[in-house]
Amino acid sequence: MDDHFYSDSRKKSWEAVLFQTAFEISISPSLYETINARYASLEDILNGADDPILKSVHIFPQGSIRLKTAIKPLQGTTGDLGTVDADAVVWLENASTTTADSVLQAIQQRFQDGKRVTADIEELRRGIRIKYADENPSFHIDVTPARNLRGNTAECGKGALEVPDRKQGWKASSPIEYSDWLNNISEKKLPVMAMDSFREITEVLSKASVENMPEYSEYVDPNILRALIKLIKRNRDVWAKKNPTRKDFRPISAVLTTLAGLAYEKLANNPTHIVIHSPFEVMQAIIKTMPDFIKGSAGRWEVLNPVNSNENFAEKWNREGGDSYRAAFDDWYLDAVVAFKLGLEEFPSNASFQDALNEAFSIDPSTVDKTLRNLPQDWNLPGRELGKTGATVALATMSGLSVASSKPQSVQHSRRLG
């Protein structure tokens, strides 16, 4: 076998490790069920309100829960890094003539009166945060009220909305349409693939109901875009942990998700007919072009909602001190470019490769071991020199040699992606 085969199989092996990592960092079934139960209890509380503003409300998930990109929190961290973010929107049918401050006060008052929730409540700029710190792992639900933008006659939070802001009044938002956009583009077919297994890896399971939280199975499907977004968010969190003085300026998930989604959409609509050979190459192409979708200049940066140009996810970059947000994005991005190529580097041992992977994504070595056990034995190992395969390692172990031949004996290729 020549070096081309080993180079190609090393990409496949690394790709398999990345997908396994995305699976490992997805929220667990038990946590999903707990969040679902809390979400339902909030709806019950709102349905019993006497305040006219809170009559005929509709609550639905937004953010990572609705997008199916929620990840576990980093171990050994506190605050936002140490909790799962499970956002919810409360659509208000009867708030068309109400001020932003009145809506925010009504929502906060309803949950605080009589201690209707046992969790702590924190005031946010556009709503409240209910912190379930006693859960393991802990999570919080950011509750954001919303009303229809003038001219929008849709019900239950569909269409263009406005959300209250304690400093700027009402701000544009379209959470349902944004979620639909990401889900739709994640299912777009990419340019012709050389790997038959690509179609199997990108097959999405079942679609989520608009009204209910997505089924748990959708969090662990092998969809390339969602898997990549999870990995990007985890790498962002690890970067923030390593840079504690800059963690408050780390790129928000909406910015990362939008940039990745736009890059994927461009790739899917690619007019130059570039042939993508593997899901890993898709990930590389997305990461490479993400910064291209940041528009504007200092003080006027834009990462716009693709379905509502009035909503700018990079608005913090333009506030006083906003340069720190843009600088943090650039610094994180350089770290991410290196992180997603780790499996193609040549480390002296599997242990050193796993250490580097842990530094980038904070995952247990068992994740790599679990993946490698299921790969074809003649595939080059990720993070190792060309010719270092499962077969050569096994041969070295059995023979007691410290270094096996760089070329394995003939092994039947199973053509399996673990």
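Predicted model: local features only at pLDDT ≥ 70, side-chain atom pairs only at ≥ 80, totals over all residues.
1. Leucine 124 has glycine 127 of S5 as its bridge partner. The strands concerned are S4 (residues 120–124) and S5 (residues 127–132), which run antiparallel and pair over 5 bridges.

2. Arginine 126 pairs with glutamate 315, with 2.6 Å between the closest N and O atoms. This pair links distant parts of the chain, 189 residues apart: arginine 126 sits in the loop between S4 and S5, and glutamate 315 in the loop between strand S10 (308–312) and helix H10 (323–339). Glutamate 315 is buried, at 18% relative accessible area, while arginine 126 is partly exposed, at 22%.

3. A second salt bridge joins the side chains of arginine 147 and glutamate 162, at 2.9 Å from N to O. Arginine 147 belongs to strand S6 (residues 139–148) and glutamate 162 to strand S7 (residues 161–165), so the contact ties together parts 15 residues apart in sequence. Both arginine 147 and glutamate 162 are buried. Elsewhere, salt bridges with shared partners connect Arg125, Arg126, Asp165, Lys171, Glu315 and Arg319 in one network. The structure has 23 salt bridges.

4. Within helix H1, aspartate 8 and lysine 12 are 4 residues apart, about one turn of the helix. Their side chains form a salt bridge of 3.3 Å, N to O. Aspartate 8 is partly exposed, with a relative accessible area of 31%; lysine 12 is buried, with 13%.

5. Helix H12 (residues 365–373) has Thr367, Val368, Thr371 and Leu372 buried. These residues lie on the same side of H12, because they span an arc of only 125 degrees around the axis. The cover over the buried residues of H12 includes helix H1 (3–24) and helix H11 (350–361).

6. Serine 179 is located in helix H5 (residues 175–186). Serine 179 is buried, its relative accessible area being 3%. Leaving aside residues up to four places away in sequence, serine 179 touches Arg66 and Leu67.

7. For the chain as a whole, the secondary structure consists of 13 helices and 10 strands. Of the 418 residues, 52% are buried. Among contacts with a separation of 6 or more, 69% are between residues 24 or more positions apart. The accessible surface is about 19100 Å², and carbon and sulfur atoms account for 48% of that surface.

Note on methods
Residues numbered from 1 in each chain as written. Heavy atoms only, no water. Helix = DSSP H or I, 4+ residues; strand = E, 2+ residues; numbered from the N terminus. Buried < 20%, exposed > 50% of the residue type's maximum accessible area, 1.4 Å probe, protein only. Contact = heavy atoms within 4.5 Å. Arc of directions from axis to C-beta. Pairing = 2+ DSSP bridges. Areas by Shrake-Rupley, 256 points an atom, 1.4 Å probe, with all protein chains shown as cover. Salt bridge = Lys/Arg side-chain N within 4 Å of Asp/Glu carboxyl O.
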